Amino acid sequence: MGSEDVRDVARRAELAEAVIARLAGVPGVVGVRPFGSLASGRADAYSDIDLVVELDGVSDLTFAQEIPDHLAPLGRPLITGWGLDRLPDTYVRTIYLADYPLFWHLDIGSAGPLHEADADLGRRYHWPQIFKMWIAAVKDQLRGRPERTADFLRHIAAWADLSRLSGPDAVRLGQSLELCVERARARGAPCAEIYRRCAELRATHVPGWDGT
């Protein structure tokens, strides 16, 4: 159940191969290719799985909406969301599987000649985006990029009182998880399980993230 041990990168490669195999068999898919750090050989233990699916005869939005169903045999999703920064021109589906480390999420873009617009996705999927951004900020801390913590805190400053946070960057980032949970609960989001997983990540990876 959701191990955060990222040392078994062969397991991540197996997951990527299984995802590619399942998507390649979907009608309308003419190709699936990796991109990003895995494709370039620059991946580290924390790298996610980035894929592009080439389509023909099916709209990019329709396919993107169905991606979680196509991948259901691979495991239960913990978070399903979208790459909101790519909207409305490109649909990137983001999936965190419950039985894999949070850092190994799937980012699956769909590309083809049939583009269908949906201007409302950002509003409907905003709450998972907060947790996604927090996990990304944790990854940057582990990679030795503490300046990215400030980027995340600037984002949540629009809706949270940052005067409640104190201490160095790593501690403040850990404390900010509570603010994320407050926001998700206020929006009626079913955040209990993802909060538990994020809290475990915070408590086990870097001493001090729990504020002690």
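A salt bridge is a side-chain nitrogen of Lys or Arg within 4 Å of a carboxyl oxygen of Asp or Glu. In this predicted model, the side chains of Arg202 and Glu178 meet that criterion, with an N to O distance of 3.4 Å. The pair links distant parts of the chain, since Arg202 belongs to helix α8 (residues 192-205) and Glu178 to helix α7 (residues 169-186), 24 residues apart. The two partners can also be described by their accessibility. Arg202 has a relative accessible area of 12% and is therefore buried, whereas Glu178, at 31%, counts as partly exposed.

**Salt bridges within helices**

A search of the whole structure finds twelve salt bridges. Among them is the contact between Asp151 and Arg148, in which the closest N and O atoms are 3.6 Å apart. Asp151 and Arg148 lie three residues apart in helix α6 (residues 147-156), so about one helical turn separates them. Asp151 is partly exposed at 37% relative accessibility, and Arg148 is likewise partly exposed at 38%.

Elsewhere, salt bridges with shared partners connect Asp140, Arg145, Arg148, Asp151 and Arg154 into one network.

| Salt bridge | N to O distance |
|---|---|
| Arg202 and Glu178 | 3.4 Å |
| Asp151 and Arg148 | 3.6 Å |

The structure holds one cavity of 30 Å³ or more. The volume of the largest cavity is about 40 Å³. Its lining is formed by Pro68, Leu71, Ala72, Gly75, Pro77, Ile95, Leu97 and Leu106. Helix α3 (60-71) and strand β4 (91-97) are the elements that give two or more residues to this lining. By class, the lining of the largest cavity comprises seven nonpolar residues, one polar residue and no charged residues. Gly75 is among the lining residues, and Gly counts as polar in this classification.

The lining of the largest cavity, by contrast, has no charged residues.

Note on methods:
Residues are numbered from 1 along each chain as its sequence is written. This is a predicted model: local features need pLDDT of at least 70, side-chain atom pairs count only at pLDDT 80 or more; totals for chains, interfaces and linings use all residues. Side-chain values use heavy atoms; hydrogens and water are left out. Helices (H or I, at least four residues) and strands (E, at least two) are DSSP runs, numbered from the N terminus. Buried means under 20% relative accessible area, exposed over 50%, partly exposed in between (1.4 Å probe, protein chains only). On a 1 Å grid over the protein atoms alone, a cavity is a set of points where a 1.4 Å probe fits but cannot get out, and a pocket is an open set with protein on both sides within 12 Å along at least five of seven lines; lining residues have an atom within 4 Å of a point. Grid points are joined across faces, edges and corners, and a volume is the space filled by probe spheres set on the points.
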